[in-house]
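User: I have a model open and want to check the terms used for it. Please set each value against its definition.

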Amino acid sequence: MNILFMGPPGAGKGTQAERIVDEFQVPHISTGDAFRAAMRQGTPMGVEAKKYVDQGLLVPDEITNGIVKERLEQSDCDKGFLLDGFPRTIAQAEALDGMLAEMGKRIDHVIDLKVDRDLLLGRLTGRRICKSCGATYHVLFNPPKVENVCDKCSGELYQRSDDSEEKVGTRLDEYTTKTAPLLEYYGKKELVREVDGQQDIDQVTSDISSLLRGQA
Ligand code: AP5
Ligand code: ZN
């Protein structure tokens with residue numbers, strides 16, 4: 001099954017992706033995670049991406065499309081994949097259509113996580129991430145059992161550089177102007193299924209899972 005997660009920054013894409021890939025046993029492809037890993041390693045692509053990510057701006061399409069194409073060509077994607085945070089512009093969606101057509105594949109489901117803009121700021125500024133395994137927490141809504149320590153691997157938690165109030169504002173504006181129009185793009189293909197992302201985390205997972213299993 002080839003799944004695409006859409007929704008504004010903080011909608012819960014990463015949180016839900018961790019759970020859905022466990023259930024459906026497909027690889028999780030997150031362009032945001034790929035950029036952050038390259039930034040940590042200091043690769044040439046990471047150095048370039050950092051200029052945009054740290055400002056809350058989208059990384060240019062040429063860089064982003066290349067990463068996704070390389071990843072989709074790996075053999076573990078033959079059983080399906082979950083794309084999280086890509087595509088984010090109409091040009092990326094068109095590039096993705098081209099890549100998939102070449103591989104004889106297509107998107108089966110677009111899950112759109114709906115959350116009101118005024119809730120997103122609190123979600124993002126309270127987010128903490130495990131340095132070792134990348135698991136996502138929230139200081140209020142999904143706290144680890146021990147403060148600043150990952151439940152899964154005992155790794156230390158950190159705050160993303162683009163989760164400050166100022167950067168979140170820029171990211172939400174980028175979403176509204178460049179990414180939200182994709183809902184119409186995929187809407188025309190009749191692929192979009194909306195999920196209420198304001199429910200508790202388990203309920204959101206259960207709704208997504210039912211949709212993907214064709215039970216909703
Ligand atoms: P990326 O990493 O993709 O970030 P994003 O889209 O801004 O999304 P987030 O990771 O911030 O949010 P999320 O929806 O995953 O929410 P989460 O589950 O963590 O991109 C980062 C940057 O990389 C971009 O700004 C850009 O520069 C670059 N980039 C990436 N892809 C690109 C592309 N395709 N093109 C160009 N540039 C690109 O949840 C948020 C918080 O809320 C967590 O603390 C969580 O615990 C909590 N939470 C989640 N669900 C719930 C719930 N139901 N109730 C209460 N709390 C909840
Ligand atoms: Zn961890």
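Analyst: Start with a sheet. Three strands form an open sheet in the order β6-β5-β7, with antiparallel pairing. Its edge strands are β6 (136–138) and β7 (157–158), since each pairs on one side only. This is a predicted model: local features need pLDDT of at least 70, side-chain atom pairs count only at pLDDT 80 or more, and totals for chains, interfaces and linings use all residues. Residues are numbered from 1 along each chain as its sequence is written, with chains lettered from A and ligands numbered from 1 in the order in which they are written.

User: What makes β5 and β6 a pair?

Analyst: Two strands pair if DSSP finds at least two bridges between them. Strand β5 (residues 127–130) and β6 have three bridges, in the antiparallel sense. So they meet the definition. Within β6, Tyr137 is the bridge partner of Arg128. Strands here are DSSP runs of E, at least two residues long; helices are runs of H or I, at least four; both are numbered from the N terminus.

User: Which strands does β1 pair with, and in what sense?

Analyst: β1 pairs with strand β3 (residues 81–84) in the parallel sense, over four bridges. There, Ile3 stands opposite Leu82. β1 also pairs with strand β4 (residues 109–114), again parallel and over four bridges. Leu4 faces Val110 as its opposite residue in β4.

User: Why is strand β1 called largely enclosed?

Analyst: A residue is buried if 20 or more other C-beta atoms lie within 10 Å of its own, exposed if 12 or fewer, and partly exposed in between; C-beta atoms are placed from the backbone. In β1 (residues 2–6), four of the five residues are buried, so the rest of the structure largely encloses this strand.

User: What is Asp108 in contact with, beyond its neighbours within four places in sequence?

Analyst: Met1, Asn2 and Ile3. Contact means that the C-beta atoms, placed from the backbone, lie within 7 Å.

User: Which residues of helix α2 are buried, and what covers them?

Analyst: In α2 (residues 31–41), the buried ones are Thr31, Ala34, Phe35, Arg36 and Ala38. Their cover includes β2 (28–30), α3 (44–53) and α4 (61–72). After α2 comes Gly42, with a positive phi near 70 degrees.

Methods
Contact = placed C-beta atoms within 7 Å.
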